[in-house]
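Please read these notes with the structure open beside you.

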Amino acid sequence: MTGEVPRRGLLDTNIMILRSRIAPEDLPDEIAISAVTLAELSAGPHEVRPDTEQDVYIEAAERARRLDVLQRAEHEFDPIPFDADAARAYGRVTAAVIAAGRKPRRRAADLMIAATAIVAELPLYTTNPDDFVGLDRLVAVIPVTRPDVPNERHSGQ
C-alpha cells in the first residue's frame, strides 16, 4: 500500500483473518469491524472441512485458528451494527454493483460490510478490493497487500 494511511477505518473480514501477518503501518490507527464481520468470523469454525475432504489444512489446527481469530475479535471490538441506515445504504450498494455489471447476491456479506462503512463514514480496508468493484463513488476502498500464509499441513506444524 502506498500513500498516507487514514487514521480510522473499517476492516473487511479477510483483514481480521490475516491481521497478525499484516504490517501495522498498512492499517489505520483506529480500527473497527462490522457486526457482519463478526457473523462471518462466528461461522468460520463451523465451516472447517474434515481432513478426509481436503488436504489444505489440518482440521483441528484450522478450527483452533479460526476460534482464536473469533475470540480476539470479540474481546477487542464492539462491532458497528448493521442497522436500518446500513440496510438503506445496502440498497445503494446493490444498485452500484448491478450498474457495474456484477451480481450482488454472490457477495452479500461483503456488500453489507461496505454499507456499514458508508454509514459509519469510514474507509474500508481489504485484501480483496475486487470484491468492491463499482463502489468507488460510495466508499473509499483501501487495498492492503495480502500476506503470504504458509500451509500448515505442508509446513510441518
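1. Valine 149 is found in the loop that joins strand 4 (141–143) to helix 6 (152–155). Helices (H or I, at least four residues) and strands (E, at least two) are DSSP runs, numbered from the N terminus. The relative accessible area of valine 149 is 45%, so the residue is partly exposed. On this scale buried means under 20% relative accessible area, exposed means over 50%, and partly exposed is in between (1.4 Å probe, protein chains only). Leaving out residues up to four places away in sequence, valine 149 touches Leu18 and Arg21; contact means heavy atoms within 4.5 Å. Valine 149 and valine 36 are 113 residues apart along the chain, and their C-alpha atoms are separated by 24 Å.

2. A word on the source. This is a predicted model, in which local features need pLDDT of at least 70 and side-chain atom pairs count only at pLDDT 80 or more, while totals for chains, interfaces and linings use all residues. Residues are numbered from 1 along each chain as its sequence is written, and side-chain values use heavy atoms, with hydrogens and water left out.

3. Next, a pair of helices. Two packed helices are described by the angle between their axes and the distance between the axes. Helix 2 (residues 35–43) and helix 5 (residues 108–120) have axes that come within 8 Å and cross at roughly 150°. Axes are lines fitted to C-alpha atoms, for helices over the stretch in contact, and angles run from 0 to 180 degrees between N-to-C directions. Helix 2 and helix 5 are therefore roughly antiparallel to each other (angles under 35 degrees count as roughly parallel, over 145 as roughly antiparallel, 65 to 115 as roughly perpendicular and the rest as oblique). Helix 2 makes the contact through Val36, Thr37 and Glu40, and helix 5 through Ala109, Met112 and Ile113. By class, this contact of helix 2 with helix 5 has four nonpolar, one polar and one charged residues. Here Ala, Val, Leu, Ile, Met, Phe, Trp, Tyr, Cys and Pro count as nonpolar, Asp, Glu, Lys and Arg as charged, and the others, Gly among them, as polar.

4. Which residues does alanine 117 contact, leaving aside its neighbours within four places in sequence? They are Leu10, Leu122, Leu124 and Val139. Alanine 117 belongs to helix 5, and with 0% relative accessibility it counts as buried. Between the C-alpha atoms of alanine 117 and arginine 49 there are 31 Å in space and 68 residues in sequence.

5. Glutamate 121 lies in the loop between helix 5 and strand 3 (124–126). Its phi is near 55°, a positive value in a residue other than glycine. Most residues other than glycine have a negative phi. Glutamate 121 counts as exposed, at 69% relative accessibility.

6. Arginine 137 is placed in the loop between strand 3 and strand 4. Its relative accessible area is 80%, so arginine 137 is exposed.

7. Now the rings. Phenylalanine 82 and tyrosine 90 form an edge-to-face aromatic pair, 6.4 Å centre to centre and with 80° between the planes. Rings of Phe, Tyr and Trp (its six-membered ring) pair if their centres lie within 6.5 Å; planes under 30 degrees apart count as stacked, over 60 as edge-to-face and the rest as tilted. By this rule the count comes to one aromatic pair. Phenylalanine 82 is partly exposed at 27% relative accessible area, and tyrosine 90 is partly exposed at 23%.

8. The charged end of arginine 66 sits over the ring of tyrosine 57, 5.9 Å from the ring centre. A charge sits over a ring if NZ of Lys or CZ of Arg is within 6 Å of the ring centre and within 35 degrees of the ring normal.
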